[in-house]
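Let's walk through this structure together, one piece at a time.

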Amino acid sequence: MSLITMSITFGGGAVGSVLRHLVVVLFAGRFGRHAWVALAIVNITGCVAIGLVERWITAGEGLLGMSPQFTRWTFSTGLLGGYTSFSALSVLSDRLWTEGRRWTAVVQTMLPIALALPAVWLGAAVGGWLVASFAKGVAP
Amino acid sequence: MKSSGVPSDAVQPGATLWLGCLMIALGGGIGSVARAATLASIHEHVAYPPLFTVTGINLLGGALAGFLAERARRKGRLGSWPFALLVPGFCGGFTTFSSFAGQSSRLMDQGNWDTALYGIGAGVLLGLLAGRVGSMWVRT
């Protein structure tokens, strides 16, 4: 890894991690006892976004004037990697299970996992549509 | 600052929102770079699917987050800023849910359904158990 790729991954990861924290704080208060929904929202929206970004990159396009490879380091590896979290899911499952809320632990574990791949595919479909629309828009 | 109700993503009471976010940004950035560097250095030498490396990363990060979160909860030996830096910060940025789903989807696109399904099954089971193993280490 070069210094530049380390720097953009660091920047993306820092922004993504803070974004995750803010979304969790914002939504957790609204869901009360079902605060785990906030983390599910983070992980599922992150999967939609990575499907979209990866489809965009696969088409040979970049974002914000960056090359596809830099877009991948910044957005897929950094921003979305930092935004979504498996450790939070793991710790929360353990906490709910320990507190005796076992059905909630199972649901909060299975829901994002069951929706992860459909979310990536949805993102990829939207990305494909955007790539096609962009190609039509710039064609003479 | 109020606790969000999501243990691993909550900055413990006592930290201000901005300082909490700063610590999470720093930890999340470092965690993301550590994840990217681990993936890059391993896959320079070996050719197996990155999904399995992501699973290993999630396992390590989940166990560390489980250990630290339980230690902070039971023994109160982790201050609010170190907690923010290490748990939602470093562990949150080091582990990833979106790359896990994205790598699984990529394997399926390549027709490697068996590998993808084994990877998802192992990743989910081991990643979730990791948090429990980490917290049980503190309890024993």
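Start with V54(B), which you'll find in helix 2 of chain B. One thing to keep in mind as you look around: this is a predicted model. Is V54(B) buried or exposed? A residue counts as buried once 20 or more other C-beta atoms lie within 10 Å of its own. V54(B) has 27 other C-beta atoms within 10 Å, so it is buried. Which residues does V54(B) touch, if you leave out those up to four places away in sequence? They are T96(B), S99(B), F100(B) and Q103(B).

Now zoom out to the whole of chain B. Its secondary structure consists of five helices and zero strands, and from the N terminus on the elements run α-α-α-α-α. Of its 140 residues, 58% count as buried. If you take the contacts in chain B between residues at least 6 apart in sequence, 77% of them join residues at least 24 apart.

Two packed helices are described by the angle between their axes and the distance between the axes. For helix 4 and helix 5 of chain B, the axes come within 7 Å and cross at roughly 160°. Angles over 145 degrees count as roughly antiparallel, and helix 4 and helix 5 of chain B are therefore roughly antiparallel to each other. The crossing of helix 4 of chain B past helix 5 of chain B is left-handed.

In chain B, helix 1 of chain B has the highest confidence, at 93, and helix 5 of chain B the lowest, at a mean of 87. Watch out for residues 1-14 of chain B, though: the pLDDT there is below 50, and this stretch has 53 contacts in the model beyond near neighbours in sequence. For the complex, the predictor gives an ipTM of 0.90 and a pTM of 0.88.

Over to chain A. Here too you can count five helices and zero strands, and reading along the sequence gives the pattern α-α-α-α-α. The C-alpha atoms of chain A fill a box of roughly 60 × 35 × 25 Å along the principal axes. Buried residues make up 52% of the 140 residues in chain A. Among the contacts in chain A with a separation of 6 or more, 69% come from residues 24 or more positions apart.

For a closer look, find L80(A) in helix 3 (residues 68-83) of chain A. L80(A) is buried, because 29 other C-beta atoms lie within 10 Å. Setting aside residues up to four places away in sequence, L80(A) touches G16(A), G46(A), A49(A), I50(A), V53(A), F75(A) and S98(B). R20(A) is 60 residues from L80(A) along the chain, yet their C-alpha atoms are separated by 9.5 Å.

That list included S98(B), a residue of chain B, so let's see how the chains meet.

Finish with one crossing between the chains. The axes of helix 1 (residues 3-31) of chain A and helix 3 of chain B come within 10 Å and cross at roughly 120°. That angle makes helix 1 of chain A oblique to helix 3 of chain B, and the crossing is right-handed. Helix 1 of chain A makes the contact through G13(A), S17(A), R20(A) and H21(A), and helix 3 of chain B through P88(B), G89(B), G92(B) and G93(B).

Methods
Residues are numbered from 1 along each chain as its sequence is written. Chains are lettered from A and ligands numbered from 1 in the order in which they are written. This is a predicted model: local features need pLDDT of at least 70, side-chain atom pairs count only at pLDDT 80 or more; totals for chains, interfaces and linings use all residues. Axes are lines fitted to C-alpha atoms, for helices over the stretch in contact, and angles run from 0 to 180 degrees between N-to-C directions. Helices (H or I, at least four residues) and strands (E, at least two) are DSSP runs, numbered from the N terminus. Angles under 35 degrees count as roughly parallel, over 145 as roughly antiparallel, 65 to 115 as roughly perpendicular and the rest as oblique. A crossing is left-handed if the near helix is turned anticlockwise from the far one by less than a right angle, and right-handed if clockwise. Two residues are in contact if their C-beta atoms, placed from the backbone, lie within 7 Å. pLDDT is the predictor's confidence in each residue, from 0 to 100. A residue is buried if 20 or more other C-beta atoms lie within 10 Å of its own, exposed if 12 or fewer, and partly exposed in between; C-beta atoms are placed from the backbone.
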